[in-house]
Amino acid sequence: MRIGMGHDTHRLAAGGVLRLGGVEVSEEWHLVGHSDADVLLHAVTDALLGAIAAGDIGDLFPDTDPANRGRDSAEMLELAFQQVCQAGYHLLNLDCTVFAEQPKLGARKPLIRHRIAEILRVSEDRVGVKAKTGERVGPIGRQEAISAECVVLLGLKFDRDPTESSTK
Ligand code: MG
């Protein structure tokens, strides 16, 4: 098994469109970045790359490369996950948290979870999505930024899944 963690922060600015986890969640805000600035998918991508010790998203998709300008983060995540699969691993589960004062994400968590599972072609019960506010303090709470964290657990493709019950 391999474990990986990812963290990312992007600056929040007025005006749409804000994408989190591959889902458009607001037309009132957007995140500033070289790609589409999907902070959550960037954290998931880094967690997957970290689990196989393959560097980080900036190594794979440098912001000095014009090809990455405005790039769809779902595509970057798919390419990173291909590396995971080629290394002989599959995703046992991932758990992620978005830290955002605005917009409120409660109602959209199921959509985000569905989309991440869809990008990675795994069932939704392997994807956990949580949302926290910044309690109005710090850059998150002052609505200056949104952060995301992710932890992933990978298993070797041909091993028994240790998260499945052995009584089945
Ligand atoms: Mg980023």
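Reader: Which residues touch the most other members of the largest nonpolar core?

Author: This is a predicted model. Its largest nonpolar core has 40 residues, and Leu 20, Leu 48, Leu 94, Ile 116, Ile 146, Val 152 and Leu 154 touch the most other members. Helix α1 (residues 39-51) gives the largest share of this core, eight residues.

Reader: What is Leu 48 in contact with, leaving aside neighbours within four places in sequence?

Author: Leu 48 meets Leu 77, Phe 81, Val 84, Leu 91, Leu 120, Val 152 and Leu 154.

Reader: How are two packed helices described?

Author: By the angle between their axes and the distance between the axes. For α1 and helix α3 (residues 73-86), the angle is about 10° and the axes lie 9 Å apart. Angles under 35 degrees count as roughly parallel, so α1 and α3 are roughly parallel to each other. The crossing of α1 past α3 is left-handed.

Reader: Which residues make the contact?

Author: From α1 come Leu 41, His 42, Val 44, Thr 45, Leu 48 and Leu 49. From α3 come Ser 73, Ala 74, Met 76, Leu 77, Ala 80, Phe 81, Gln 83 and Val 84. Ten of the contact residues are nonpolar, four are polar and none is charged.

Reader: Now the backbone. Where does Ala 37 lie, and is Ala 37 buried or exposed?

Author: Ala 37 sits in the loop between β4 (29-32) and α1. Its phi is near 60°, a positive value in a residue other than glycine. Buried means under 20% relative accessible area; Ala 37 has 0%, so it counts as buried.

Reader: What is omega for the peptide bond from Gln 102 to Pro 103?

Author: Omega is near -10°, and the bond is cis. Pro 103 is in the loop between β5 (89-99) and α4 (109-120).

Conventions:
Residues are numbered from 1 along each chain as its sequence is written. This is a predicted model: local features need pLDDT of at least 70, side-chain atom pairs count only at pLDDT 80 or more; totals for chains, interfaces and linings use all residues. Side-chain values use heavy atoms; hydrogens and water are left out. A nonpolar core is a set of buried Ala, Val, Leu, Ile, Met, Phe, Trp, Tyr and Cys residues joined through side-chain atoms within 4.5 Å. Buried means under 20% relative accessible area, exposed over 50%, partly exposed in between (1.4 Å probe, protein chains only). Helices (H or I, at least four residues) and strands (E, at least two) are DSSP runs, numbered from the N terminus. Contact means heavy atoms within 4.5 Å. Axes are lines fitted to C-alpha atoms, for helices over the stretch in contact, and angles run from 0 to 180 degrees between N-to-C directions. Angles under 35 degrees count as roughly parallel, over 145 as roughly antiparallel, 65 to 115 as roughly perpendicular and the rest as oblique. A crossing is left-handed if the near helix is turned anticlockwise from the far one by less than a right angle, and right-handed if clockwise. Ala, Val, Leu, Ile, Met, Phe, Trp, Tyr, Cys and Pro count as nonpolar, Asp, Glu, Lys and Arg as charged, and the others, Gly among them, as polar.
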